[in-house]
Amino acid sequence: MTLHISNAPLKIAVAGASGRMGRMLIEAIHKAPDCQLVGALDLASSPFIGHDATGFLGHMSGVLIQSDVAIGLKDAEFLIDFTRPEGTLHHLQVCQQLDVKCVIGTTGFSETEKNLIEKYAASTAIVMAPNMGVGVNVMLKLLSMAAKALSTGYDIEVIEAHHRHKIDAPSGTALKMGEVLAQALGRDLKECGVFERYGVTGERDPSSIGFATIRGGDIVGDHTVLFAGTGERIEITHKASSRESYAQGSLKACRFLNQHPSGLFDMFDVLELR
């Protein structure tokens with residue numbers, strides 16, 4: 001795989017082009033002087049198949065929304081994918097065949113699917129993160145620092161809220177926060193995570209990390225981590241009022257992948273937060 005080293009715009013395709021996130025990505029690419037939209041993908045059942053991908057902006061790009069992945073990616077160097085696990089894995093298979101790098105914001109992957117993505121990364125450069133927002137990833141860094149400083153005497157709860165259409169719970173971002181917290185504390189989230197409470201639960205295990213999920217309305221994404229001690233509480237919160245932060249982070253990820261022929265990366269790599 002060759003690196004993109006010219007001054008030409010980065011050639012980007014978007015999956016889920018007619019969805020809320022897809023349109024935000026297309027608008028961000030349209031506004032970025034160093035990026036060019038060259039492909040748009042959606043399900044064959046979408047009423048927008050065959051429509052100009054930037055038509056909703058009042059601008060005709062000549063890029064038509066396609067259901068055929070190979071056609072949609074034929075001119076692309078990068079694919080940005082915020083869809084569903086089964087769709088992303090199919091797209092990634094075609095990306096590998098066509099030498100297209102991939103930015104994955106899809107959540108809800110199983111461990112088996114994550115392992116498959118890692119195998120693809122041996123030959124295709126991939127950035128995968130449950131949240132592409134710069135602010136959220138800075139929050140993850142802060143959570144690691146806070147967890148180490150508050151490792152004893154504080155109960156940790158992760159509370160997240162999203163719009164009514166989100167299909168997975170807890171959110172991928174909330175789970176990533178839990179993983180960062182557990183790692184900082186030397187724990188395994190699979191063992192200490194508490195995702196449901198109902199009935200007589202008994203006293204709280206001080207080593208647990210609890211999760212609470214809210215779904216409703218058009219909430220873009222709110223995440224709060226609560227460190228509850230005796231006589232004080234510390235809350236670290238991120239609230240997204242627009243999907244634009246996810247789109248801008250995705251473009252940063254494309255620019256990062258421009259320098260890498262293969263490998264699996266996350267937003268900590270992109271933002272140099274390691």
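Tutor: Two strands pair if DSSP finds at least two bridges between them. Keep that rule in mind for this predicted model.

Student: How many bridges join β4 to β5, and in which sense do the strands run?

Tutor: β4 covers residues 78-81. One of its contacts to β5 sets Phe78 against Lys101 as bridge partners. The strands run parallel, and the number of bridges joining them is four.

Student: Which residues of β5 point the opposite way from Lys101 and Val103, and are they buried or exposed?

Tutor: Lys101 and Val103 share one direction from β5. Buried means under 20% relative accessible area. Both directions hold buried residues, and those pointing the other way are Cys102 and Ile104.

Student: How many residues of β2 are buried?

Tutor: β2 spans residues 35-41 and is mostly covered. β1 pairs with β2 in the parallel sense over six bridges, and Ile12 stands opposite Leu37. β2 is also joined to β3, in parallel, by two bridges. Of the seven residues in β2, the buried ones number six.

Student: Which residue of β3 stands opposite Leu41?

Tutor: β3 is the strand of residues 65-66. It runs parallel to β2. The residue opposite Leu41 is Gln66.

Student: What is the phi of Asp99, and where does Asp99 lie?

Tutor: Most residues other than glycine have a negative phi. Asp99 has a positive one, near 65 degrees. Asp99 is partly exposed, at 37% relative accessible area. Its place is the loop between α3 (85-98) and β5 (101-104).

Student: Is Glu272 buried or exposed?

Tutor: Glu272 also has a positive phi, about 55 degrees, although it is not a glycine. Glu272 lies in the segment after α9 (267-270). The cut-off for exposed is over 50%. At 71% relative accessibility, Glu272 is exposed.

Student: What is the omega of the cis peptide bond between Ala169 and Pro170?

Tutor: Most peptide bonds are trans. The bond joining Ala169 and Pro170 is cis. Pro170 lies in the loop between β7 (155-162) and α6 (172-185). The omega of this bond is about -10 degrees.

How values were computed:
Residues are numbered from 1 along each chain as its sequence is written. This is a predicted model: local features need pLDDT of at least 70, side-chain atom pairs count only at pLDDT 80 or more; totals for chains, interfaces and linings use all residues. Side-chain values use heavy atoms; hydrogens and water are left out. Buried means under 20% relative accessible area, exposed over 50%, partly exposed in between (1.4 Å probe, protein chains only).
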